[in-house]
Amino acid sequence: MTKITVLGSGSWGTVLANLLVENGHHVLLWGRGEKEVQEINTQHTNRHYLPESTLRPQLKATTDLQAAIAGTDAILFVVPTKAIRSVAQQVAQQLTKVPELKPIIITATKGLEQHTNARISEIISHEIAANLRQGVVVLSGPSHAEEVIKDDITTLTVASKDVPSANWVQKIFMNDHFRLYTNNDVTGVEVGAALKNVIAIGAGIVHGLDYGDNAKAALMTRGLAEMTRMGVSLGADPLTFSGLSGLGDLIVTCTSVHSRNWRAGNALGQGRKLPEILADMGMAVEGVYTAKTAHDLSIAQNIDMPISESIYKVLYEDADLKTEVINIMKRKGQSENELMRPRLSGESE
Ligand SMILES: NC(=O)c1ccc[n+]([C@@H]2O[C@H](COP(=O)([O-])OP(=O)(O)OC[C@H]3O[C@@H](n4cnc5c(N)ncnc54)[C@H](O)[C@@H]3O)[C@@H](O)[C@H]2O)c1
Ligand SMILES: O=P(O)(O)OC[C@H](O)CO
């Protein structure tokens, strides 16, 4: 039987662990909260993150990282972006004690690290030396935990430069309601996954401000153009952005009430303040964090990202929402044919 370690007992980690149990694998879920781990083991629930769901009784959780990793075939990271590096360092410490283990590493986290602008697979590959593991595989796509836990139909992308590792991950996750496609464009998949969260905050803002469907379609389409521009500047294939990890995830995150990013934006549009929104959410809202990285990256790469930049200003500079919308509309006329438009210094965003 395949043994899989899942790191992060929040919404997505718990649901992916539960799905792997459903597929017949031996799964150990590692969490940092003793109470949460006890609840999963004894009541088969995780009420803070999944209030209405019951988990499979075979799913076991632990706070002991060494025990979670012992004898494992694969380690799946599902902690928020800001925790990835420190958790990867802890994992590397454990793997050094058992160098013969060499698990496949998987990540389902969506973000870009602040200050370094690094993608999740880059952080993990750097912190866990290649001699301690097999390939690093990225799992991404339109997938809300709230629907996967109900066995609703979901499709994802598994991206890796290591084809055997990607094929292995595709196989362990697939079943009649969970379908995966492989992709070798790791950069495109990870950049799309991270940047769509920023655009989803914008989609929530537009809804909260009571703009119509035209505005929502415009935001998603021009947001996708920004995501693609940035991805291509970092070496991604533009076609990846039409796939599940790009357009697919953008659609679900910009239109679903399950989305934490959309809900945060919607609350901002209705006039609530960010600290209060985040405190009430009690779950990762990755787009808030990624908006800062997108801002830094757009300067570093000299890439024009007016929508993401406006969202950054709303989040970090307390900019007025309606003024930002009007400023985007009043920008100089552009051609839709242009893929790589540089950031124009001094232009009003
Ligand atoms: N929720 C979803 O439907 C969903 C779907 C696809 C991808 N994702 C991505 O998965 C990642 C996790 O999201 P989530 O929704 O599960 O978040 P969440 O807020 O529901 O859970 C995060 C979990 O990580 C734990 N954690 C935080 N910092 C930690 C640390 N330093 N060490 C150990 N554990 C730590 C928290 O205690 C919590 O259990 C995010 O990048 C998100 O974008 C989420
Ligand atoms: O709830 P969100 O906004 O974090 O989005 C979750 C997933 O990324 C959707 O695919």
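Which domains does the domain assignment of the protein chain give? In this predicted model, the assignment divides the chain into domain 1, spanning 3–184, and domain 2, spanning 187–329. The centres of the two domains, taken over C-alpha atoms, are separated by 25 Å. To the contact between them, domain 1 contributes 29 residues and domain 2 contributes 28 residues.

On the side of domain 1 that touches domain 2, several elements of secondary structure each supply at least two residues. The helices concerned are helix 4 (81–97), helix 5 (120–127) and helix 6 (145–148), and the strands are strand 6 (136–140), strand 7 (154–159) and strand 8 (178–183). Strand 7 provides the largest share, with 4 residues. In composition, this side of domain 1 comprises 14 polar, 9 nonpolar and 6 charged residues.

A shell of 14 residues lies around ligand 2, of which Ser143, Asp249, Ser259, Arg260 and Asn261 come nearest. Both domains take part in this shell, since at least three of its residues are drawn from domain 1 (3–184) and at least three from domain 2 (187–329). Helix 8 (186–208), helix 10 (244–255) and helix 11 (260–269) each supply at least two residues of the shell. Among the contributors to the shell, helix 10 has the largest share, with 3 residues. By residue class, the shell around ligand 2 divides into 7 polar, 4 charged and 3 nonpolar residues.

Backbone geometry was also considered. Most residues other than glycine have a negative phi. Asp210 is placed in the loop between helix 8 and helix 9 (213–233), whereas Asn302 is found in the loop between helix 13 (286–300) and helix 14 (306–316).

The two positions were then classified by their C-beta surroundings. Asp210 has 9 other C-beta atoms within 10 Å and is therefore exposed, the limit for this class being 12 or fewer. Asn302 has 13 C-beta neighbours inside 10 Å, so this residue counts as partly exposed, a class that lies between the exposed limit of 12 or fewer and the buried limit of 20 or more.

Notes:
Residues numbered from 1 in each chain as written. Chains lettered and ligands numbered in written order. Predicted model: local features only at pLDDT ≥ 70, side-chain atom pairs only at ≥ 80, totals over all residues. Domains from an automatic or database assignment. Contact = placed C-beta atoms within 7 Å. Nonpolar A, V, L, I, M, F, W, Y, C, P; charged D, E, K, R; others polar. Near = placed C-beta within 6 Å.
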